[in-house]
Amino acid sequence: RPVNARAFLPLGNGGSAPLADVPCLQPAPFREAVVTTPAARLVSLFGFPDEDAVRVVAILERPEDRNLLVTSMRAGEAFPALTPDMPQAHLFEREIAETWGLVPEGHPWLKPVRFVRPRRAPSGAATAVLGAPGVMGYFTVAGEEVHEVAVGPVHAGVIEPGHFRFQCHGERVIHLEISLGYQYRGIERAMEGGPDIRTVHRVDAVAGDMSAGHAAAYAQVVEALTDTPVPPRGAALRAIALELERMANHAGDLGALSGDIGYLPAAAFCGRIRGDLLNLTLAACGNRMGVGWIRPGGAAADFSNDAAHAMADAVDRAVAELGRSFLLILKNSTARSRLEETGVLPRETCVELGMVGPAARASGVAVDVRKDHPLGAYASAPVVVAVRDSGDVFARAAVRSLECAHSAEYLAKLLRSLPAGPARGGLPAGAGANRIAVSLVEAWRGEICHAAVTDDQGRFRRYAIVDPSFHNWPGLAMAMRDQPVSDFPLCNKSFNLSYSGYDR
């Protein structure tokens with residue numbers, strides 16, 4: 001079935017258009033257009049005040065299209081929920097209800113996403129549905145032999161807060177409910193009034209281990225709104241930052257998974273390799289986490305071609321060692337059996353939830369912005385996408401190992417043939433007024449989406465961020481069904497999702 005062309009504005013990744021060009025539908029036609037678009041995945045769904053109502057914007061992605069599909073509606077107090085026919089909308093609609101006081105009528109489990117007060121006074125109906133801020137109920141399973149196991153929100157060590165409530169029959173998990181939002185920082189609201197020196201630094205803190213990913217997404221938004229070109233060398237340096245970030249975190253995850261099953265040789269090797277890769281980022285930009293490396297207009301740090309060749313050699317050594325470390329797991333039947341058939345997430349569930357990143361690719365869903373919506377260096381040389389189909393912990397580990405190998409090959413080519421010229425073009429001028437811009441980046445956890453709407457002065461009227469963890473936390477809950485509750489730490493680590501990126 002073809003897409004309803006009158007209901008959507010096609011917009012390329014890193015593109016911008018007048019807000020007036022985005023169709024503004026009534027709630028019922030909006031719902032019909034979104035849920036009936038064939039093979040569509042919901043990338044973002046956000047609202048902002050529009051006179052006496054709220055304008056809700058939906059951004060859809062389809063694998064066969066290079067363009068994103070953007071549409072919107074205006075709603076005063078309620079709108080028909082998308083979730084019954086599009087489960088991947090359930091967190092987005094809960095967020096809109098909590099933030100803007102709109103009730104998605106027909107939503108099966110409407111409750112707050114974060115512990116925040118609404119930005120718009122809710123109607124009487126919304127107040128009755130949502131209750132008081134910070135107060136929520138949990139799903140329960142009836143039965144004399146069913147018991148609850150509650151974990152968090154305060155955890156041991158330095159891990160961020162999050163609450164996990166298991167409904168169990170003996171050791172078997174019937175249902176897991178995940179409640180986050182304890183570290184909500186209001187970054188989206190703080191971005192309003194930008195772009196400026198404040199907002200460029202705030203995006204680095206959305207999720208500290210994805211600084212390059214969120215900085216790249218922000219930079220692409222600003223460049224779209226200001227019509228700022230990125231020089232070829234700057235685009236290549238961005239890809240280097242993103243791939244180094246991917247490799248370092250994947251190496252760390254493989255080590256952490258090995259540690260969770262008590263297989264210390266691989267844990268030790270992978271931990272050291274992660275450090276080596278982080279030190280390459282340190283040498284490149286002065287910060288192990290890549291903070292400040294990517295900025296609008298290009299890259300803020302550059303290095304000589306001799307240093308680039310030395311970095312390529314170091315990447316080759318690191319990925320060779322990482323491959324040997326993963327081979328230790330493959331050859332150890334005890335270690336491998338602990339990962340196989342644990343925390344299985346079926347492909348159908350993955351698609352229904354709109355999951356992204358390595359967690360989706362491990363279940364056979366080949367979504368990757370670098371392939372589907374490439375920008376910059378990825379447009380001329382896309383990365384090979386690693387896919388597995390068993391959907392278990394082993395598949396999620398295997399995808400990480402393969403992605404490191406593919407990233408290393410990609411990095412070696414970039415580093416040994418860096419384009420000449422400046423790393424950064426001219427600084428962005430003023431942003432266009434009353435426009436919308438959308439930016440996607442494939443970070444190491446998966447797809448990041450930043451979207452901005454500007455006001456009459458070209459300032460951010462609304463800035464919406466979707467971290468890949470927002471899509472993927474429900475997948476962890478589904479992967480734990482019918483698993484022993486003792487498998488949770490291992491299954492959780494195989495997803496390795498972000499609390500702060502979700503809370504933002």
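Strand E11 gives the most to the lining of the largest pocket, with six residues. Helices and strands here are DSSP runs numbered from the N terminus, helices being H or I with at least four residues and strands E with at least two. A quick word on the basis. This is a predicted model, where local features need pLDDT of at least 70 and side-chain atom pairs count only at pLDDT 80 or more, while totals for chains, interfaces and linings use all residues. Residues are numbered from 1 along each chain as its sequence is written, and side-chain values use heavy atoms, with hydrogens and water left out.

Now the largest pocket. Its space is about 740 Å³. A pocket is an open set of points on a 1 Å grid over the protein atoms alone, where a 1.4 Å probe fits, with protein on both sides within 12 Å along at least five of seven lines; lining residues have an atom within 4 Å of a point. Points are joined across faces, edges and corners, and the volume is the space filled by probe spheres set on them.

Which residues lie nearest the centre of the largest pocket? They are His 90, Arg 94, Trp 109, His 175 and Pro 474, out of 30 in the lining. Elements giving two or more residues to this lining are helix H2 (90–100), strand E11 (172–179), helix H11 (347–353) and helix H16 (468–479). By class, the lining has 19 nonpolar, six polar and five charged residues. Nonpolar covers Ala, Val, Leu, Ile, Met, Phe, Trp, Tyr, Cys and Pro; charged covers Asp, Glu, Lys and Arg; the others, Gly among them, are polar.

E11 also belongs to a sheet. The sheet is open, has three strands in the order E9-E10-E11, and pairs antiparallel. Strands pair if DSSP finds at least two bridges between them. E9 (146–151) and E11 are the edges, each pairing on one side only. On average, neighbouring strands are turned by 20° against each other, direction ignored. H16 packs on this sheet, touching E10 and E11, and its direction makes about 160° with that of E11. Contact means heavy atoms within 4.5 Å. Axes are lines fitted to C-alpha atoms, for helices over the stretch in contact, with angles from 0 to 180 degrees between N-to-C directions. E9 and E10 (residues 163–169) pair over six bridges. Val 151 stands opposite Phe 164 in E10.

Last, the second largest pocket. Its volume is about 570 Å³. Its lining has 25 residues, with Asp 209, Arg 445, Lys 493, Asn 496 and Leu 497 nearest the centre. Helix H7 (232–260) supplies the largest share, five residues.
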